[in-house]
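Me: I would like to learn how to read a few features of a protein model. Could we take them slowly, one at a time?

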Amino acid sequence: MFFKEELLRSIGAVEQNYNPGDYIFREGSNPKFYFQIINGDVKLNNYNSSGKEFIQNILSSKDPVGDYMLYIEQTYPVNAVAISNCTIIKLCASTFTHYLDQHPSHYLELCKSLSKHLYRKFILMQKISSPSAVERIKEVLELMKHEHENKTPFTYEVPITRQQLASLTGLCVETTIRAIKKMEREKIVRITNRKIMY
């Protein structure tokens, strides 16, 4: 759920800047803040036992980061890492939950937001179970583009690298690169200045 920056500031939130690669929080740490992106992109990731990264989600402007962990007494199951220069507003978790207690009408909006997050996660898991690399990538790009207003073909610039796309779809980077080249030949995507346009 998106909270207006002015509201968050009025109850004590502060801005913090992050560089690419900076951690907002780490897997296994305790949630202490409500985080919301003002600008930039953040990935939620973790690593398997052999060190391979798996990207769980990519978040951008106005998205909350890890907010679902504030309502249960569990540690973060993922890392939150800046993938571009980011400005994030953060508010002490206890202040945030106290505000919600004082304004219960926000709980319905939070439920809707969490439901949307779960729905997107289930759809993503279904899509990336396809044995076809092209289908996996196409479905992930479709899901990413769906959240933007402009649906015209080849106008959506994919905001992540090929390595990040591989980590998001569970493919190796070489397979991802081959699949993207095939998608370009089949006119599913265009490559402009090394950027993927969908």
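Reply: Let us begin with the polar contact, which is a pair of N or O atoms within 3.5 Å; within protein, one must be able to donate a hydrogen and the other to accept it, and residues adjacent in sequence count only if both atoms are side-chain atoms. This is a predicted model, in which local features need pLDDT of at least 70 and side-chain atom pairs count only at pLDDT 80 or more, while totals for chains, interfaces and linings use all residues. Residues are numbered from 1 along each chain as its sequence is written, and side-chain values use heavy atoms, with hydrogens and water left out.

Me: With which side chain does the side chain of Asn45 make a polar contact?

Reply: The partner is the side chain of Glu53, at 2.6 Å. Asn45 is placed in strand 4 (residues 42–47), where strands (E, at least two residues) and helices (H or I, at least four) are DSSP runs, numbered from the N terminus.

Me: Does Asn45 count as buried or exposed?

Reply: Buried means under 20% relative accessible area, exposed over 50%, and partly exposed in between (1.4 Å probe, protein chains only). Asn45 has 0% relative accessibility, so it counts as buried.

Me: How many aromatic pairs are there?

Reply: Rings of Phe, Tyr and Trp (its six-membered ring) pair if their centres lie within 6.5 Å, and planes under 30 degrees apart count as stacked, over 60 as edge-to-face and the rest as tilted. By this rule there are 6 aromatic pairs. In one of them, Phe3 and Tyr34 have ring centres 5.8 Å apart and planes at 90°, so the pair is edge-to-face.
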